Amino acid sequence: MTDPKPGLLSRWQQRLTKVKEEQEEERLAEEQAAEELAAKEQALAKEAEEAVDGEAEEAEASSEEEAEALPDPDAIEEGGSFAAFLKEGVDPTKKRDALRALWSQPQYNITDGMAEYALDYSDQPKLSAQVAKEVATQVFRHLDKALEEERRREALAKAEQESGEGEENQPELPGADGEQGHLDPEVEQDDPTQQS
């Protein structure tokens, strides 16, 4: 008897083998594409690096030529241009010297006549007591008026409160009725000499 299942299994096995071979071919193709892409990227990077190096060398050579061609900043006349010193790639010491020379030119050394910043505020004359009192009075006059008004209101309120309390709650003083004796009632009870 022939079993139909071995044929089915053999076909299934063939299909699995074919699928594995296809997957292996795809993987190899992907690896090959990745290698080609990496090689292209490396070539482009190398070309870009060479271009940047060439530009840097040219810029360096031109900046050296410009640095040598820069005039003496102190020799530039009033109103002359300092733009060459402010370009990128100029030696910072030359740039600093040029700016120092620029700001020392006469058109930038004009004082405006409002020299509050030039006054010496550390050596102020001392005020007499009377002058200090007058200054304080003038400066704080609005506060004095407000304080005086507040004190007047408080005094009126206190006077009204005292006059209202004085009529209603007069404390009784002991011995005010003409009685004589101790002020403390406990002392009167405990004292045997006082009992009669």
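Read along the sequence, the protein follows the pattern α-α-α-α-α. The model is a predicted one. It contains five helices and zero strands. Of the 196 residues, 5% count as buried.

Helix α2 spans residues 92–103. Its 12 residues reach 16 Å from the first C-alpha to the last. That length is close to the 16 Å expected at 1.5 Å a residue. Three residues of α2 are buried: A98, A101 and L102. Viewed down the axis of α2, the buried residues fall within an arc of 100 degrees, so they line one face of the helix. An α-helix has 3.6 residues a turn, so residues three or four places apart point the same way. The face of α2 turned away from the buried side carries P92, R100 and W103. These residues are exposed.

Aromatic contacts were examined next. The structure holds two aromatic pairs. Such a pair is described by the distance of the ring centres and the angle of the planes. In the pair formed by F82 and F85, the ring centres lie 6.3 Å apart. The planes of F82 and F85 meet at 40 degrees, so this pair is tilted. An edge-to-face arrangement would need an angle over 60 degrees. Both F82 and F85 are buried.

The other pair joins W103 and Y108. Here the ring centres are 4.6 Å apart. The planes stand at 65 degrees, so the W103 and Y108 pair is edge-to-face. W103 belongs to the exposed residues on the face of α2 turned away from its buried side. Y108 is partly exposed, with a relative accessible area of 41%. That value lies between the 20% limit for buried and the 50% limit for exposed residues.

The surface also shows a nonpolar patch of about 520 Å². It is made by L127, V131, V135, V139, F140 and L143. Helix α3, residues 129–139, gives the largest share of this patch, with three residues. L127, another member of the patch, lies in the loop between α2 and α3. L127 has a relative accessibility of 56% and counts as exposed, because the cut-off for exposed residues is over 50%.

Technical notes. Residues numbered from 1 in each chain as written. Predicted model: local features only at pLDDT ≥ 70, side-chain atom pairs only at ≥ 80, totals over all residues. Heavy atoms only, no water. Helix = DSSP H or I, 4+ residues; strand = E, 2+ residues; numbered from the N terminus. Expected span 1.5 Å × (residues − 1). Buried < 20%, exposed > 50% of the residue type's maximum accessible area, 1.4 Å probe, protein only. Arc of directions from axis to C-beta. Phe/Tyr/Trp six-rings, centres within 6.5 Å; stacked < 30°, edge-to-face > 60°. Patch = residues over 30% accessible without salt bridge, like charges linked within 9 Å, V, L, I, M, F, W, Y side chains within 5 Å. Areas by Shrake-Rupley, 256 points an atom, 1.4 Å probe, with all protein chains shown as cover. Salt bridge = Lys/Arg side-chain N within 4 Å of Asp/Glu carboxyl O.
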